[in-house]
Amino acid sequence: MGELDFKMFMATVRKEGSFIFVAIPFSPREAWGARPRYPVSGTINDFSVQGTLGASGKDYFLRLSSVWLQDSGIDVGEEVEVKLSLAEQRLSSSKKDQGKR
């Protein structure tokens with residue numbers, strides 16, 4: 001994927017209950033076309049991240065695990081720079097499990 005396929009934005013790491021995430025401020029459908037799922041990869045504050053975007057109504061989010069948050073040194077409430085692109089392939093189960101420890 002080329003550099004133009006990345007979406008860059010600022011977001012605040014949020015927590016609702018035990019659910020930690022960053023909100024996606026754009027429509028993945030408009031950015032990457034209609035798909036049943038949006039597997040993404042990229043960085044948050046230059047720390048690698050990957051996962052599948054979740055949806056709540058028309059709003060999208062990227063869920064972050066507490067282990068990822070601890071490893072990255074990023075805190076809930078922190079404003080972060082997010083750079084995401086649509087992943088080339090669906091995440092394998094081993095890669096998916098890494099982000100959800």
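What follows is a working chat about a predicted model of one chain.

Me: Before we start, what are the ground rules for this predicted model?
Reply: Residues are numbered from 1 along each chain as its sequence is written, and side-chain values use heavy atoms, with hydrogens and water left out. Because the model is predicted, local features need pLDDT of at least 70 and side-chain atom pairs count only at pLDDT 80 or more, while totals for chains, interfaces and linings use all residues.

Me: OK, how many helices and strands does the chain have?
Reply: The chain has three helices and eight strands, where helices (H or I, at least four residues) and strands (E, at least two) are DSSP runs numbered from the N terminus. Along the sequence the pattern reads β-β-β-α-β-β-β-β-α-β-α.

Me: And what share of it counts as buried?
Reply: Of the 101 residues, 35% count as buried; buried means under 20% relative accessible area, exposed means over 50%, and partly exposed lies in between, with a 1.4 Å probe and protein chains only.

Me: Which strands make up the open sheet that has S2 in it?
Reply: Four strands form that open sheet in the order S2-S3-S7-S6, with antiparallel pairing; two strands pair if DSSP finds at least two bridges between them. S2 and strand S6 (54-56) stand at the edges, each with a single partner strand, so one side of each is left without a neighbour in the sheet. The twist averages 45 degrees from one strand to the next, with axes taken as lines fitted to C-alpha atoms (for helices over the stretch in contact) and angles running from 0 to 180 degrees between N-to-C directions.

Me: How many bridges are there between S3 and S7?
Reply: Five bridges join S3 to S7, and the two strands run antiparallel; within that pairing, Phe 21 stands opposite Arg 63 in S7.

Me: What about S6 and S7, how many bridges there?
Reply: S6 and S7 pair in the antiparallel sense over three bridges. Gly 54 has Phe 61 in S7 as its bridge partner, and Ser 56 stands opposite Asp 59 in S7. The hairpin of S6 and S7 has two residues between the strands, and in that hairpin Gly 57 takes a positive phi near 65 degrees.

Me: Switching to pockets: what lines the second largest pocket?
Reply: The lining includes Arg 14, Glu 16, Phe 19, Phe 21, Ser 56 and Phe 61, and the volume is about 190 Å³. On a 1 Å grid over the protein atoms alone, a pocket is an open set of points where a 1.4 Å probe fits, with protein on both sides within 12 Å along at least five of seven lines, and lining residues have an atom within 4 Å of a point. Grid points are joined across faces, edges and corners, and the volume is the space filled by probe spheres set on the points.

Me: Which strand gives the most to that lining?
Reply: S3 gives the most, with four residues, and strand S2 (14-16), strand S3 (19-24) and strand S7 (59-64) each supply at least two. By class, the lining divides into seven nonpolar, one polar and four charged residues; Ala, Val, Leu, Ile, Met, Phe, Trp, Tyr, Cys and Pro count as nonpolar, Asp, Glu, Lys and Arg as charged, and the others, Gly among them, as polar.

Me: How many salt bridges turn up in the whole structure?
Reply: The search of the whole structure finds one, a salt bridge being a side-chain nitrogen of Lys or Arg within 4 Å of a carboxyl oxygen of Asp or Glu. The side chains of Arg 14 and Glu 16 meet in a salt bridge at 3.3 Å, N to O. Arg 14 is partly exposed at 38% relative accessibility, and Glu 16 is partly exposed at 48%.

Me: Is Val 13 buried or exposed?
Reply: Val 13 is buried, with a relative accessible area of 1%, and its place is in the loop between S1 and S2. The C-alpha atoms of Val 13 and Gly 77 are separated by 5.2 Å, although these residues are 64 residues apart along the chain.

Me: Last one, where is Asp 46 found?
Reply: Asp 46 is found in the loop between S4 and S5; Asp 46 has a positive phi near 65 degrees and is exposed, with a relative accessible area of 68%.
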